[in-house]
Amino acid sequence: MKTVNQYLESLRELSPVVYVAGEKVDVLTHPNLKPVVNAVAKTYELAQNPKYEAIMTAKSHLTGEKINRFNHVPRSVEDLERRVDLAILTSQKIGSCNYRCAGCDALSALESITYEMDKELGTNYHQRLINYLKYVQQNDLACSGALTDPKGDRKLRPKEQEDPDMYLHVVEKGDDGIVVRWAKVNQSGSAAVHENIIVPGMTFREGEEEYAVAFAVPSNAKGLIHIMQETPEDAERRLVEDENELGIPKYGVRETFIMVFDDVFIPWDRVFMCGEVKYTRELVLRFASNHRTSSAGCKVGFAEGLIGATYAIADYNGLAKAPNIRTELAQMIYTQELARACALAAALKGWKAESGTYFPNYVLANVAKLASAYGFIELMKNAIDISGGLTVTLPALSNLKSPVGEYLKKYLKGRSGVPAEHRIKMFKFLQTWVAGPHAPGAWHGGGSPMAQLLTLYALTDLESKKRQAMELAGIEEG
Ligand SMILES: Cc1cc2nc3c(=O)[nH]c(=O)nc-3n(C[C@H](O)[C@H](O)[C@H](O)COP(=O)(O)OP(=O)(O)OC[C@H]3O[C@@H](n4cnc5c(N)ncnc54)[C@H](O)[C@@H]3O)c2cc1C
């Protein structure tokens with residue numbers, strides 16, 4: 001498995017094309033890219049640590065070798081449970097995205113769907129996928145996962161759009177491969193990984209074959225451009241002289257990119273679906289059940305820092321034992337543990353697909369994502385309440401070394417023994433969570449809550465519930 005230095009060196013060699021605020025930048029040295037690279041590097045560092053071996057690594061079912069669990073496809077319910085642990089551990093240690101969940105979740109969905117496609121259609125997608133997976137595992141590559149299309153007018157099908165490029169699609173098929181055009185948006189960490197796994201973002205119908213495409217593309221493919229998001233935190237990171245001024249200096253906030261595919265060539269051995277619209281629904285469902293479970297696990301890890309910071313501030317303010325604060329902290333713990341319980345339940349009620357790969361229970365995976373999205377807003381509400389206004393009104397840490405530093409040391413200290421510096425740093429950390437991009441991230445990442453509600457509705461047999469109610473109520477017909 002790769003060391004952190006080997007990962008950094010391999011990224012240097014890849015040198016993908018990345019734009020930040022209108023400028024072409026270097027992925028390893030630009031201040032906005034560094035936290036993303038640090039986060040991916042952490043997934044390599046944790047995998048080398050014997051303490052986390054059971055969570056961070058797995059035995060490949062293809063080669064029998066020890067691999068990073070992010071490149072493993074779950075082969076048992078225990079693997080599914082470990083997958084949840086992996087999401088929790090990495091988001092707890094990084095305090096931001098690990099940038100590898102979506103890639104991992106897409107690979108296992110493809111592993112099983114390609115098996116079923118080949119069996120029914122006589123295609124050879126599965127062997128390609130297996131060869132590719134071995135390549136990823138043996139070279140210990142980091143993969144992102146890309147589904148979300150720009151979508152334009154959300155009420156229109158892809159071909160009804162004014163601009164035909166609002167959904168990524170195939171524009172050319174040749175003997176050697178395909179050419180794809182146009183974009184995937186909101187892609188977590190795509191510029192700091194080696195490979196990107198691209199899958200359809202929705203169920204496509206007959207007549208929409210060019211959109212039903214799944215493939216793997218290296219981050220530095222010719223014609224692929226990564227355009228980075230911009231938030232106030234990104235601008236602030238470029239401005240500060242000392243990154244310790246920031247809430248999470250090393251890993252920052254979750255960063256995404258628009259991936260522009262300006263007619264990118266994909267050789268056939270990297271294409272895992274090309275036109276088979278019938279399989280897009282199940283592919284999206286399997287990806288979604290994986291990703292909604294891991295996304296819930298991720299929020300459990302985030303909650304660790306959010307609850308920890310809220311408790312620390314209550315303590316710094318002398319309020320740790322106040323009954324109202326204790327009640328609100330207990331509500332936060334309940335919210336965190338509810339998301340953990342749902343994610344673990346989805347894993348423990350997992351099922352085995354024909355290829356031998358396991359998936360979380362669809363219903364519980366969607367419930368887990370909802371519990372974590374709704375829960376994140378609840379966590380923020382209590383954190384904001386307990387911490388008071390300083391979370392957004394605090395002056396910069398750098399003031400402490402200026403002529404006004406003595407005032408801040410005097411007026412921003414907390415209860416006895418808590419210096420102003422600790423309070424400023426902890427408030428700044430909390431600001432990252434409650435006044436940054438995390439809430440929309442928790443809400444929409446893994447699909448907007450309405451997508452989960454619609455899935456729950458579609459997967460549930462309401463007639464059977466109605467019959468149950470009628471039986472108990474003594475109604476025989478109707
Ligand atoms: C921090 C973050 C990280 C992410 N990382 C990734 C990633 O790594 N890979 C990836 O593929 N995606 C990623 N996403 C994208 C995420 O999956 C999408 O944001 C999500 O699916 C919602 O899509 P959207 O942003 O286009 O919003 P929209 O689709 O515009 O949704 C906005 C609202 O409109 C509603 N809506 C949408 N369509 C309709 C319709 N036809 N009729 C009625 N209502 C509708 C939705 O229910 C929602 O309430 C990430 C998102 C975030 C915020």
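This is a predicted model: local features need pLDDT of at least 70, side-chain atom pairs count only at pLDDT 80 or more; totals for chains, interfaces and linings use all residues.
**Entry 1: two domains**

I began with the distance between the two domains: the C-alpha centres of domain 1 and domain 2 lie 24 Å apart. Domain 1 covers 4–277 and domain 2 covers 283–465; bounds like these come from an automatic or database domain assignment. Residues are numbered from 1 along each chain as its sequence is written, and side-chain values use heavy atoms, with hydrogens and water left out.

Next I looked up who takes part in the contact (heavy atoms within 4.5 Å). Domain 1 gives 44 residues and domain 2 gives 40 residues.

How much area is buried between domain 1 and domain 2? I found about 3,600 Å², with carbon and sulfur atoms giving 67% of that. Buried area here is the accessible area (1.4 Å probe) that two parts lose on being put together, summed over both. On the domain 1 side, Leu80, Glu245 and Arg254 supply 17% of the area buried against domain 2, more than any other three residues.

**Entry 3**

For a salt bridge, a side-chain nitrogen of Lys or Arg must be within 4 Å of a carboxyl oxygen of Asp or Glu. There are three salt bridges between domain 1 and domain 2.

I also looked up polar contacts, meaning pairs of N or O atoms within 3.5 Å; within protein, one atom must be able to donate a hydrogen and the other to accept it, and residues adjacent in sequence count only if both atoms are side-chain atoms. Between the domains, 17 residue pairs are in polar contact, both residues at pLDDT 80 or more.

Which helix gives the largest share of the side of domain 1 that touches domain 2? Helix H5 (101–121) does, with 13 residues. Helix H4 (77–94) also supplies at least two residues of that side. My helices (H or I, at least four residues) and strands (E, at least two) are DSSP runs, numbered from the N terminus.

**Entry 2: the six-stranded sheet**

I then followed an open sheet of six strands, in the order S2-S1-S10-S11-S7-S6, with mixed pairing. Two strands pair if DSSP finds at least two bridges between them. Strands S2 (23–25) and S6 (169–173) are at the edges with a single partner strand each, so one side of each has no neighbour in the sheet. S1 (residues 17–20) and S10 (residues 224–228) pair in the parallel sense over three bridges, and valine 18 has histidine 226 in S10 as its bridge partner.

**Entry 3: the four-stranded sheet**

Another open sheet has four strands in the order S5-S8-S9-S12, again with mixed pairing. S9 (residues 213–218) and S12 run antiparallel, joined by three bridges; the partner of alanine 214 in S12 is methionine 273.

**Entry 4: one more salt bridge**

In one of them glutamate 45 joins lysine 42, the closest N and O atoms being 3.1 Å apart. These two are about one helical turn apart because they sit three residues from each other in helix H2 (residues 34–48).
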